[in-house]
Amino acid sequence: MGIYLNPNAEAFKMDKNTDIYVDKSLVLTELNKLLGTRQNFVCMSRARRFGKSMAGNMISAYYSKGCDAKEIFSKMKIGDVPGYEDNLNKFNVIKLDLNGWYQRSLIEENRTDVIKYIQEEVLEEFREAFPSIDFKQGTSIATNIQKVYGKTGEKFIIIIDEYDVLVRERVAENVFESYLQFLNSLFKDTTLRPAIALAYITGILPIVRDKVQSKLNEFREYSMIDAQQFAGMIGFTKEEVVELCHQYGLDVDDCKRWYDGYKMSSTVDLFNPLSVVRAIESKRFGSYWTATSSFEVLKDYIMMDFDGIKQDVISMISGKSVHVNVNKFKNTIDSINNKDNVFTYLIHLGYLCYNYEDETCHIPNAEVRSEWINAIEDDANYNAVMALVNNSKRLLDATIDGDEETVANALDAAHTEVTSNLTYNDEHCFQSAICLAYFYANTRYTLVKELPTGKGYADLALIPFLPNIPAMVIELKHNKSSETALQQIKDKRYDDALKHYQGDLLFVGINYDEKTKKHECKIEKIVL
């Protein structure tokens, strides 16, 4: 048993002993299917704080010969899977936290060659684990794996956490080249392949396509863009979060609004696990994941001067999705040279969510949306957007107060401030523009377009998730009158969909006159 070669289960036990722990052990059933196949090289990329390292600790504890973990896993979900013991603690495991190694190499003896540092430390553990085998000084991990396999037939599982840290940190060229040689020796040598039962690497970025891909082209990627069978294995699923909310007394709908939104497949939505846990611990919803890093990370990229970025940022902040081509990105910071690459990178970082089915991206939830607002708040390039946000708050407050004149003036201002995004070419554009104008309502309401009710569809309904504020039904007219819009709400019984809502209800009729370029508004308060 060593620290890096055949480690014990202590890291996994620490994870499992935390007050709030979600059993993700079924990931092992998927990995067991890959052992000894041509698909046994796995790259699992996720945004930071999504549970990659905890999964790595569990995988190590399950396979490592340095553990006796039957008692632990027998009580977990995988313990109910027939044959789960077949691979339990049966392999030599090499587990490396590359970020930890890199950080230590910067301070210990002023080392610059992190890979040499790793090879030397792991060599000592090979000598301790296999005293009957002669390991020569200066030999690589790959050479030592091959020697053990040749003499004993024992296979290895390699786990590398944060494999991409040397890519993201932009290390010196000689360090990077040393790293490429290390990857090449482990994963490109065909004579070594039979000795590796499973290779499992994690990172924020998928396989880097320019320099690293040739060294890791045997790996299959499971990412924030396409997670396949591992969609629900890293991070908290909706079902898991609902159970946690019931257990700890959190409002499910509020939790969804704050932390949901990562659509990993047609059936799996993920919540940010760190934020859910912090919300449970603090008994309140807030921005926890975004507080673990500076919004400058986001700001640096959305301020890039690429065609279409600003307009798409405006659309996404208002709650819309935009098209993105994720296939251009080479998974390196240096390859970010257009809008698609910016948005693809932000998907991997967790600031955007990707919808595989329609090839669009959007801001996933309220927590992340607040980070986008922080990123643009003080930048002159986005003054118009911030004016829209501030005006939107005034608009919402005026609507709640029944101040028809202020509402009309605020809509005029919104139409002027970001004209290119608020053109009223048809009813759909008008509706989208009003949703954008009411952007701030996302902090208090769920906005529903085309709500089926009564004898038709209400253009827009605002259903509150905070107490003591009224629900709203909004009808839009173009070149008619606000009175006509208000009357249609009544005639077609658009309030029927809210008949179970207990509280005040506002009917809001809005008209835009194309000749005068003015909005008018009529508001009527209904007590249900």
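**Group meeting: confidence, sheet and cores of a predicted model**

Good morning. In this predicted model, the chain averages a pLDDT (the predictor's confidence in each residue, from 0 to 100) of 87, and 93% of the residues score at least 70. Residues are numbered from 1 along each chain as its sequence is written. Local features need pLDDT of at least 70, side-chain atom pairs count only at pLDDT 80 or more, and totals for chains, interfaces and linings use all residues, while side-chain values use heavy atoms, without hydrogens or water.

Confidence is highest in helix H2 (residues 27-34), at a mean of 97, and lowest in helix H19 (residues 427-437), at 76; helices (H or I, at least four residues) and strands (E, at least two) are DSSP runs, numbered from the N terminus.

Let me turn to the sheet. Five strands form an open sheet with parallel pairing, in the order E2-E3-E4-E1-E5; two strands pair if DSSP finds at least two bridges between them. Its edges are strand E2 (92-97) and strand E5 (220-222), each of which pairs on one side only. Strand E3 (residues 156-161) and strand E4 (residues 196-203) run parallel and are joined by 5 bridges. Opposite isoleucine 159 stands tyrosine 200 in E4.

Finally, the cores. A nonpolar core is a set of buried (under 20% relative accessible area, 1.4 Å probe, protein chains only) Ala, Val, Leu, Ile, Met, Phe, Trp, Tyr and Cys residues joined through side-chain atoms within 4.5 Å. The largest has 66 residues, of which Leu346 and Trp372 touch the most other members. A second, separate core of 47 residues includes Tyr102, Val114, Phe182 and Ile201.

Terms used
Buried < 20%, exposed > 50% of the residue type's maximum accessible area, 1.4 Å probe, protein only.
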